[in-house]
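Please look over the sequence and the model before reading on.

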Amino acid sequence: MSKVEDEKITSAANRLIKLSRSLHRRQKRDETGLYLVEGIRPLEEALDAGVTLKFILYVPQVTGKVRGRDLLAKAKNAGIPCYQVTENLLVQLSFTETPQGVIAVVQKQRYDFSLLLTRPDSFLLLVDGVQDPGNMGTMVRTAAAAGVHGVILTRGAVDLYNDKTLRATMGAVFQVPVVEDVPTEEAVECLRDAGIRLVAGDVSGKLTYFEGSFTGRVAIAVGNEGAGVSRTVLAAAAEIVKIPLLGPAESLNVAVATGILLYEAVRQRSSR
């Protein structure tokens, strides 16, 4: 039986190309609930995680790689439309100087905030107003590695589905639930009503982080790169802890600080 070739797209006026290009803008991502994922490895991880891929666009060179062929075969077996495009079109859609040959339109994962609050051993990360995509992505990646059950992003934080953020997560965005755009007041109120202790990491803390308590049902709050944790979160925190700075540095990168706090929580929770 002859092999059925995928439909070829050669025009920038094609509706799928126009949709894909529009997803470079946050407004369009928010309106449609869609975003772009580029590269073989990220798409492998998305498929493995059961994320909904609307369609895949690829250049012929991808089929010259075993992983590329396997990716497309797996996608087609899952009923995901795959379209071959010209290199020029893919360059227009790519976020990188050296396009990786394959890009997909993906449905945003939607998580119910209330469901994150129901676990008897809730271990959560509250990200309060972080603006840098690289920091945000690294924090989500670290949260997934530390076994965090969910990440809460307050309103005004950088877009989770910004390409730089996605790349910095290294696929962790598919592995840990992330709830976006939660008003700060609502976040702290819901945590309080659920009986989840809020521990904030901030330079104003009287306790060092290894003196704080991260056991039980807990949410660790970290704040904006410049302003730190908001007053609303600090006022609601059961404890405010700081990371000692023994050298001349004035502060730590927020993603580094988050990793330190999360893994102190892992240490305490695993030694109970």
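**T184 and its surroundings**

Leaving aside neighbours within four places in sequence, T184 is in contact (heavy atoms within 4.5 Å) with D128, T154, S230, T232 and V233. The model is a predicted one, in which local features need pLDDT of at least 70, side-chain atom pairs count only at pLDDT 80 or more, and totals for chains, interfaces and linings use all residues. Residues are numbered from 1 along each chain as its sequence is written, and side-chain values use heavy atoms, with hydrogens and water left out.

- T184 is part of helix α9, residues 184–193; helices (H or I, at least four residues) and strands (E, at least two) are DSSP runs numbered from the N terminus.
- With a relative accessibility of 15%, T184 counts as buried. Buried means under 20% relative accessible area, exposed over 50%, and partly exposed in between, with a 1.4 Å probe and protein chains only.

**Chain overview**

- Eleven helices and twelve strands form the secondary structure of the chain.
- Along the principal axes, the C-alpha atoms fill a box of roughly 70 × 35 × 35 Å.
- The chain has 272 residues, of which 50% are buried.
- Of the contacts between residues at least 6 apart in sequence, 80% join residues at least 24 apart.

**Domains**

- The domain assignment divides the chain into domain 1 (8–107) and domain 2 (113–271); such bounds come from an automatic or database domain assignment.
- The centres of domain 1 and domain 2, taken over C-alpha atoms, are separated by 31 Å.
- Contacts between the domains involve 13 residues of domain 1 and eleven residues of domain 2.

**Nonpolar cores**

- A nonpolar core is a set of buried Ala, Val, Leu, Ile, Met, Phe, Trp, Tyr and Cys residues joined through side-chain atoms within 4.5 Å.
- The largest such core has 71 residues, and those with the most contacts inside it are L53, I56, L57, L125, V127 and V151. Helix α11 (residues 254–270) supplies the largest share of this core, six residues. Because domain 1 (8–107) and domain 2 (113–271) both give residues to this core, it lies between them.
- A second, separate core of 20 residues includes A187, L191, V229 and L234.

**The five-stranded sheet**

- Five strands form an open sheet in the order β1-β4-β3-β5-β2, with mixed pairing. Two strands pair if DSSP finds at least two bridges between them.
- At the edges are β1 (8–9) and β2 (34–38), each of which pairs on one side only.
- β1 and strand β4 (residues 82–85) run parallel and are joined by two bridges. I9 has V85 as its bridge partner in β4.
- Helix α1 (residues 15–22) packs on the sheet and touches β1, β2, β3 (53–58), β4 and β5 (102–107); the directions of α1 and β3 make about 105 degrees. The axes behind such angles are lines fitted to C-alpha atoms, for helices over the stretch in contact, and angles run from 0 to 180 degrees between N-to-C directions.
- Five of the six residues of β3 are buried, so this strand is mostly covered.
- β3 and β5 run antiparallel and are joined by five bridges, with I103 in β5 as the bridge partner of L57.
- β3 and β4 run parallel and are joined by three bridges; here L57 stands opposite Y83 in β4.

**Aromatic pairs**

- Three aromatic pairs are found in a search of the whole structure. Rings of Phe, Tyr and Trp (its six-membered ring) pair if their centres lie within 6.5 Å; planes under 30 degrees apart count as stacked, over 60 as edge-to-face and the rest as tilted.
- The ring centres of Y35 and Y161 are 4.3 Å apart and the planes stand at 45 degrees, so this pair is tilted. Y35 lies in strand β2 and Y161 in the loop between β7 (150–154) and α8 (163–169), so the pair ties together parts that are 126 residues apart in sequence.
- Y35 counts as buried at 0% relative accessibility, and Y161 counts as buried at 3%.
- The ring centres of F55 and Y83 are 6.2 Å apart and the planes stand at 75 degrees, so this pair is edge-to-face. The pair links distant parts of the chain, with F55 in strand β3 and Y83 in strand β4, 28 residues apart.
- Both F55 and Y83 are buried.
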